[in-house]
Every structure is written in C-alpha cells, then in structure tokens.
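Please have the sequence and the model open side by side while reading.

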Amino acid sequence: MLLNQFLILGAVLFSVGVYGVLARRNGVMVLMSIELMLNAVNINLVVFGVQHGVVSGQVFALFVIAVAAAEVGVGLAIVLLLYRNRTSIDVEDFDLMRG
Amino acid sequence: MEALLAFSRPALDWHALAPELTLLAFGTLITVVDIIWDDRSKRAMPTLAGIGLLASLLPILTLAVDGSERTMFGGAYVVDDFSLVLKALFLISGYVVILMSVDYIRDGDYYENEYYTLMLTSLLGMVMMSSSRDLISVFVALELLSIPAYMLAAWRKGGARSNEAGLKYYLMGVFASAVMLYGMSLVYGLAGSTAFEAIAQELGSGESNPVAILGILFILIGFAFKVSAVPFHTWAPDTYEGAPTPVTAFLAVASKTAGMVALIQLVFVAFPGRDDVVQPFFWLIAALTMTIGNLIALRQNNIVRLLAYSGVAQGGFMLVPFAVAADAPARAIEAVVIYMAIYAFMNLGAFTVVLAVARKTRSGEIDSYGGLFQYAPGLAVAMTIFLAALAGIPPAGGWFAKFGLFRALLDAGGGWAAGLGVVVAVNTVIAFAYYARILVQMWFQSVPDGDERPIAIPGSLKAALAVTIIATMAFGVLPGLVGHFGEVSVLSALGG
C-alpha cells in the first residue's frame, strides 16, 4: 500500500493549511485553510485505519467531518457578524485590543 | 452486508450517564420553553438553568456514594472518583456563573434563552471531558465545550470589542484543535487504537520514535492553547476583555479547568511512559507561563485584563506538577486537582466583585476602585479575601494550592524540580505586587469623583459571593477537606 505517499499528501495539505491560517488576511480564506488542515487529518486517519485493518480511524474521520461542519458554521456566522458591523472581513482590521 | 446489519447496542449504564443526560434534558427543555412561550418565559430561564445544574449534581452524589468504577464503550468513557470530583466542580462553577449572569444578561438586553442553552451545552462538554479516556471522546468533548463558548464570547452582537473577542477566540481555538487533531492522527497511526490504555502500551515502550514525539507534542500544544499557556496565550487577554464579564469568568475558570482535565488524562493515562517528551515540555511552558503572565500583569490598568493575565500566570502554576508527572505521579495529580478546585472559587469570586463594582462605576479601570472600602465595605472585604487567596496568603484558600505544588516538587526531588520550585517562589512574590496594587486602591485611596453612593448588589450576585467566599475560606482553614478529594481522585485515575 502507498502509505508514505498518503502521509506525505496529508503533511503537505496540513502545511498549506497552516501557512494559509498564518498568512491570509481574508476571514473566509482563513476558514478554508483550517478546513485544509482538518482534511489532512482525515486522510491520515483513514490511511492509518486501513493500514491497521481497524475501522476506528474511519469512524474518527467521520466525527472530524461532522464537528468541522459545526465549527465552520459558527465561524461563518462570526465572519458575517463582523461584516455587518464593520463591512470588512480582513482579520487584521480587528485590533481594538492588542494582546 | 450481513456484518454491517448485525449491530448490537452497547450496554449502557444509565445511572453513570445520568448527570450528562440531565444536563442535556434541561438544555433541550430551555429551547422548547423558549419556542412555546417566547418572551414571556425569559424571566424563568436562569432559574431553569440553575435547577438543571443542581439536578445533575444529584446523580453525581448517588454515584459517589455507590463508589464503584463504571466503564463504558470499550473503555472510552469511565466514571470513577476522579471524574466525579471534577464533574461536581464544573457543575458548581457553572452554577456560580449562572448566578453572576442573571442580572447582567437581563439588563444588557441580550438573548437570554440561547445564552443559557449554550452555557449548559458547554458544561455538558466539560462534564463529558472528565470521563473521556479515548481520543475520539476527548475530541468530541473538547468541541462540545468550545463551540458554544465561541458564540458566548461574541454575545454582544453590536459591540465591536465583543465581536473581536469572539473572532480571536474562534480562530485560535479552531487552529489549536486542528493542530491537536493532526497529533492525534499520528498517535493513532502508531498505536492502532484510539483508546488511552492501548496508546499507553504502544507508545510507552521507550524506543524514541520521532513521529511519536511529534504526535504527542502536537496534542499537548493543542491543549496548551486551550489553557492559555505562554506562548499560546495571545488570544486570552483580548477575549477576556471583550467578552461579557460572566462569560469571561466562565472561560477563565471552567474552560481552562476542562483543558487541564484533558491534560491530566493524556499525560497520566495515555502517555505515562513518555516522560522524555512530557516533562521537559511542561517544565518549559510552566516556567514561561508563570513568568511572562505575571510580568505583563504588572503593567495592566484594566482590572479584567489584569485578572486575565493573572489567570494566565495561575494556569502556569497549575502546569507545574505536570513537569514532575513521572517522578511523583500521585502527588502531581493531587496538586493539579486541588489547585483547580481552589482556583475556580477564588477567581469566580474576584470576577463577581468586578461585576458588582462595574454596576455602579461602569468602568474596569483599577483607579475606579479607589476608596471602595468607604462606600462598599462588604465588597472590599470580599475582594481582599479573593486577592489574598490568589496571592497565596493564609488563611484564604490559595496557600494550600501552592503548598500542594511544592509538595509535588519536593516528592519528585532532583535539580530540575528544585529549579522549577525557585521559579514558582519568585513568581508568587511578583504576583503579590499587582494584587497589592488593587488592595491599596480599595483601602487607602480616596474615591475618584467623590461619589460615595452605596452599590446596590442584586440577590443573585450576593449568593454567588456567599458561595465563593465560603468555599475559598473553607479550603484555606480546613485544607483536609479538599485534600481528601485530591487523594480520592489519584488512585482511580492511575488505575484507569
């Protein structure tokens, strides 16, 4: 089985996602980058599940998909709220308070 | 196809699940009541939520009296003494937060019904977290407690600061859970199972596999965001300042405690043999968190931000015992559990006073506490008790929590533990400086604009103050009481 290739695909997707979260300023693009990270996780889980011959990896992936949908639902609601109040979804615009 | 259809329902222990089911039932009930009676039911919501929390405490009591350890779903969900103590802690903190919320949410014209439903849902996640002994159930519990909290942080829909608080908390939280999940996928790949016990067997063999180290580190970093450990703390002060104050108290206490509970289970049940990764990691972030949290707290002028950074530093204190997880496991768990219990009450108490004072001054600046003793002596005395507890001055509760830390470090022994002990001691002194600043304002300064009208404290805030003061003082004067809970929890967590 092409275990390595799948794991490399997962690692690359995850890294692209991390880069997107850190570098993109558009709120929606940040959300999509997070989705990339979560899907990298799903690839890993399914591949490892097949490798071990157990179903728990795929079950875990299903949980991740379901929870990710809920998470992005809330995320889009927050981005929409910001757009209504500020007509901007640039995450760098929100700096009233600084760490 | 045959195999798929041959599904048999796993055996459910209804008694063991009763606290969770009660919470779920009341969360649903609030939604249904809201749909049927709409605005007319608003006044009843806090009462309903409070009854729900107290009702789910009842099965916890009966389970504690029963005392047997109950394992469900192939070891994924365990109800033992450890989880019962923490469930009770979450529910009581949740009850205090609801007492704090009643007037704030009603006067602020916020959405009341949804607020309490989300609060109960988040608490349900925390209650589940204390029983989870499996990667999947930890993940589901974490998201169940986090997602409602993102919405609660952004609850003031029109307020720019609350929006920003919600956005920052959401982005950091989701990013952290993605990192944590990637670590979980690697750990699952090596262990071939999601159950903590199987992971402990597979990963604990001692051979140094870089993938295992990466996986464990990613999981720990994910939770380090949750407990706002430095350098993953940047969201905390902004979120705490921007969110409605009762939500801030909820995040600072319940949410942080839930992250700590997950860390206890991971470190002591899933990775007990990996002290080569776990101990240096926690040594470093505990030392960083205490020191940086305290140093930045020194410069704050807003009391909520000050309490936020003080909360970061207190989180650092809680992380200290993890640094000696393998050398003195029993003492370390005991120290964390005791610290969490005392921290919950003293911090909730401090936030309650902040809420009560803000009702009059409408300000969060430390200067606005000038001369508090002259017009609100009760609040000033209460705040003094909580700040003394946070600083660790007997007889208020905090000293016993710090004592537990030192006891764990001494039991572990060795140069590294002693070094961390010195860091703890230095930080205790630094922390005293900024707590004392508030004390000086309250007792010795004059009232800023000469307005000495007394503060009208609503009944629910008085009740919250009473609960927190009694708990803080009881832990300080009768440390045997809370020490007993810590000991009970040790044995079963190690066995689980």
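Read from the N terminus, the elements of chain A in this predicted model follow the order α-α-α. The count for chain A is three helices and zero strands. Its radius of gyration is 17 Å, whereas the globule rule gives 13 Å for 99 residues, so chain A is more spread out than a compact globule. Along the principal axes, the box filled by the C-alpha atoms of chain A is roughly 50 × 25 × 20 Å. Of the 99 residues in chain A, 36% count as buried. Among the contacts in chain A with a separation of 6 or more, 47% are between residues 24 or more positions apart.

Thr87(A) is not a glycine, yet its phi is positive, near 45°. There are 8 other C-beta atoms within 10 Å of Thr87(A), and 12 or fewer count as exposed, so this residue is exposed.

Is Ser228(B) buried or exposed? It has 28 C-beta neighbours inside 10 Å, and therefore counts as buried. Ser228(B) belongs to the loop between α9 and α10 of chain B. Pro231(B) is found in the loop between α9 (210-226) and α10 (235-242) of chain B as well, and the peptide bond joining Val230(B) to Pro231(B) is cis, with omega about 5°.

A cis peptide bond also runs from Pro394(B) to Pro395(B), its omega being near 5°. Pro395(B) sits in the loop between α16 (377-391) and α17 (398-412) of chain B.

The last stop is a helix pair in chain B. Helix α13 (residues 303-319) of chain B and helix α18 (residues 415-444) of chain B have axes that come within 12 Å and cross at roughly 165°. Because of that angle, α13(B) is roughly antiparallel to α18(B). The crossing of α13(B) past α18(B) is left-handed. Which residues meet between α13(B) and α18(B)? From α13(B) come Leu306(B), Ser310(B), Ala313(B) and Phe317(B), and they meet Val424(B), Asn427(B), Ala431(B) and Tyr434(B) of α18(B). Six of the residues in this contact of α13(B) with α18(B) are nonpolar, two are polar and none is charged.

Notes:
Residues are numbered from 1 along each chain as its sequence is written. Chains are lettered from A and ligands numbered from 1 in the order in which they are written. This is a predicted model: local features need pLDDT of at least 70, side-chain atom pairs count only at pLDDT 80 or more; totals for chains, interfaces and linings use all residues. Axes are lines fitted to C-alpha atoms, for helices over the stretch in contact, and angles run from 0 to 180 degrees between N-to-C directions. Helices (H or I, at least four residues) and strands (E, at least two) are DSSP runs, numbered from the N terminus. Angles under 35 degrees count as roughly parallel, over 145 as roughly antiparallel, 65 to 115 as roughly perpendicular and the rest as oblique. A crossing is left-handed if the near helix is turned anticlockwise from the far one by less than a right angle, and right-handed if clockwise. Two residues are in contact if their C-beta atoms, placed from the backbone, lie within 7 Å. Ala, Val, Leu, Ile, Met, Phe, Trp, Tyr, Cys and Pro count as nonpolar, Asp, Glu, Lys and Arg as charged, and the others, Gly among them, as polar. The radius of gyration is taken over C-alpha atoms; the globule rule is 2.2 Å times the number of residues to the power 0.38. A residue is buried if 20 or more other C-beta atoms lie within 10 Å of its own, exposed if 12 or fewer, and partly exposed in between; C-beta atoms are placed from the backbone.
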